[in-house]
Amino acid sequence: MAMPSSTAGGGAEMVPATPSFAGKFNILRRPGFGNSGQPISLLANHYRVRFQNKELFHYDVTIEPWPHKGFQYKIIYEAFKKYPEAVNNAVPAYDGQKSLYTAKPLSDKQVELDVVMAESEGGGVPSTRRVRTYHVLFRQAATINLRQLAQYLAGEPVSLPQEALQVMDVVLRQAALRFFVEKGRSFFGKPFGVEKLQGGLLAYRGFYQSIRPAQDNLLTLNIDIAAAPFYDSVELPSFISEAFRRDERELDREFSKNDSVGDGMRSRLKRLLKGLRVETIHIRHSYRIKALTDRPLDVLSFDSNGVQLSVVDYFQQQYKLTLRLRGFPAIEAGTKEKKKYIPIELCRIQMDQPYIKALTEQQRSGLLNLTCLHPQDRRERTKVIGGQLRDSTAKDAAEFGIQINTLMTEVPGRVLPPPKIMYKSYEENPREGAWNMRGKVIWRGAKISSWAVINFSKFVPPQAVQNFSNKLPELCKTYGVLMNPNLAAPPATEINGNVEGVVKHVIDSAERNGNPLELILCIMPQQENKHLYATVKRLCELEFGVWTQCCLADHVKKCRPDYIANVILKINAKLGGQNSLLVDEQKKQLPLISDVPSLIIGADISHSRVGDDGPSICAFVASMDWPFFSKYEAIVQTQKRGSEIFDDLYWEKDDEQGRKQTGGIFKELLSSFQERCNTKPERILYYRDGVSDGQFEMVLNNELGALKKAFEALGWTDQSQTSQAEEPSQKRLRIGKSPKVTFIVVQKRHHTRFFPNTEKRCPTLKNGNLLPGTVVDSVICQPKIFDFYLCSHAGIKGTSKPAHYNVLQDENGFTPNDIQRLTNDLCFTYARCTRSVSIVPACYYAHLAAKRARVWLDSGSISDSGSFHGRSISGMSTGSGSQMLSGPFMKPLPPVHGRIKNSMFFI
């Protein structure tokens, strides 16, 4: 399809050659509070914090030589203990890096002290500690007046003093640092409990804490339970055996092989152990593993007084040790000129080391189970941690004039009514966020004329395949989806890994019968199916243009009607049908967006897993069926790993004739909407996932700025002048004001939880969780930013986590009631199930689209740089609204096949 583009020259185009927008957006102040819904009383895992308007003192810290990680705290505390007069008997609040805070000034603006302490290399074997003298310099950097923080919390027109919050945070964290292991913003230790994970890991329980600005002139301390993976402090061969799930002697034979198998095993071991801190058990030295030898231990030797001595013989002669695991590689330490070889069997893993690499599905599940607690249990455990933390920080907090409340904060909430769901000739009233398909007909069913089945599981017999293949079209007919009861090709089975061959076979078989294949139902093994799934999706979506629906083997064998009904929902949405609507969609009664042509955009960014060098993936979805909001199209693009700023939102360049060319993700989505709906959008609702608080202003200006430039490039600005050469339809699409944008950041990775206030008879689900539609926009929310928490789903397991919505810009002028109600209603439109979901579907779909692109990458047949587009982007040059990857030009990757690119293939 030809995409609209802006050109300079030629006389017929009146759009400015260079978009002129260069504004800066300010974050929206809260316009008020919502009041619709049933009032309820809740408790939040936030503790009110009061503080005095004191003057505090900030010092820059220098330590020479800089110690190993964690030891700097001991040096600072020892300096304050040893030299009380020099530090004016002050209590330090130290951040572990370069900043230290006190509640009274030191004896001078620059204080230099020498501290003599014993420190072990690598962190902690007593017998190897070396006594060192550390030169500590404190230089006054600033004074901090907490009055500005009080003014901000009171709503006065001042900016949030981040350094004042930093002081509070450091003061309340340093007590925990003395006793527990820090990871991120959480603390862990064995006193909280430890559970065994697979692969030689332990799950440590702990807690998260963060101080946040709140309403009513107060701060709050957010406390939550947490769990994280750590290495077990065991002998290194035992850990390796558990990680590889192999016996040590068997591994010894494998590692000793001088072939591709041995090379592969040693390479895998290097990835597993790199960065791990160990201590030797024969002479008690500590090392961080940086490298392993490329050869087995029993062939290693070194020069000993002019004679080559084997490592095995050295340990026998020097320590009377007979090494048994001689096929293992050795740990390589020392210098390039004088290497040291440490046998793995003489090493033990040091205690309390966080594991920061990727977890397996089983490990991740075990970790999540530790924090998946019933609301009442989570509340009680949080209260205990809060009490312990308050007691341990009492002395430091008092020094700085900080006081923590003993009780969780009571907050008013409201339960919004659920929307009515429209099926064909039937209106459904959801109960507790859920409903079912029994007796209902889908709003608009798709037509599936040609489909086939491939069985990839050896545990699903032909009779079960046939039974499922018969039942699926039978139930499709019941629910209003027109599915041909006859397969376009005989059922195929492939259990030997020839995925491409069997996919081509069924496609060719259908085409020989005169029925180009639309859908392949893939029966997947119950376990170990990740690579198979990735290969199927890559082949069918990028190369062959066939929709797929994957079903696990056990579900196929059971052939339960409720499971098949859920499969039908997915198939219908993928192939262009509409499962249901909101009654207010059908009646055009949604707040503001039903009044005029409106577009919903969801955006998300997905970063590669820890230890994976793959790119980050950004995904955008946009609704394309106004006045409804059921059909979304996606653009997915890879970009530099770890980047939080989207590339190619908008770009412009000069072509060979010197004419200005424009394009980018936003222009493409807007043009698609214009083509589908034959009108431009007048309102845009933009939901952005994956943004932290500190990135609000940067993301708002980058993305809303790029969106405004796309409006200008398309001619959607406040103008009525057009060229004589334009068609009337083009003129109609161009005349009028620029679309109005509401920009909302959606946050899922937070630690706020709400519990029903049982003393005030707060209504709940049977499991004690909040009712779907529970919204909170006061007390613990931001004092100025327009934010609210919404629990739109029914939590089935554990404690429900609300989504945190931050309205950064609102040109449409939604009231708090309207934006909260609309966001909650949209959560009932998710196409894959008959339940309300925890975040607005536009963000959910963007997440699924990014996940699908990651699947394509994981299939192993696609480069790690480039773009996948539901529609190809026609240019990749750097413009003022985009940031390109550094280095070579980013080569576009194969686009989604033209047959399915405009569909919801990703759900």
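**Exercise 1.** Determine which residues D216 touches, not counting residues up to four places away in sequence.

*Solution.* Contact is taken as heavy atoms within 4.5 Å. With residues up to four places away in sequence set aside, D216 touches R48 and V779. The model is predicted: local features need pLDDT of at least 70, side-chain atom pairs count only at pLDDT 80 or more, and totals for chains, interfaces and linings use all residues. Residues are numbered from 1 along each chain as its sequence is written, and side-chain values use heavy atoms, with hydrogens and water left out.

**Exercise 2.** Explain why the radius of gyration of the protein agrees with that of a compact globule.

*Solution.* The radius is taken over C-alpha atoms, and the globule rule is 2.2 Å times the number of residues to the power 0.38. For 907 residues, a compact globule would have a radius near 29 Å; the protein has 31 Å, so the two agree. Along the principal axes, the C-alpha atoms fill a box of roughly 85 × 70 × 70 Å.

**Exercise 3.** State what percentage of the residues is buried.

*Solution.* Buried means under 20% relative accessible area (1.4 Å probe, protein chains only). Buried residues account for 57% of the 907.

Methods. Buried means under 20% relative accessible area, exposed over 50%, partly exposed in between (1.4 Å probe, protein chains only).
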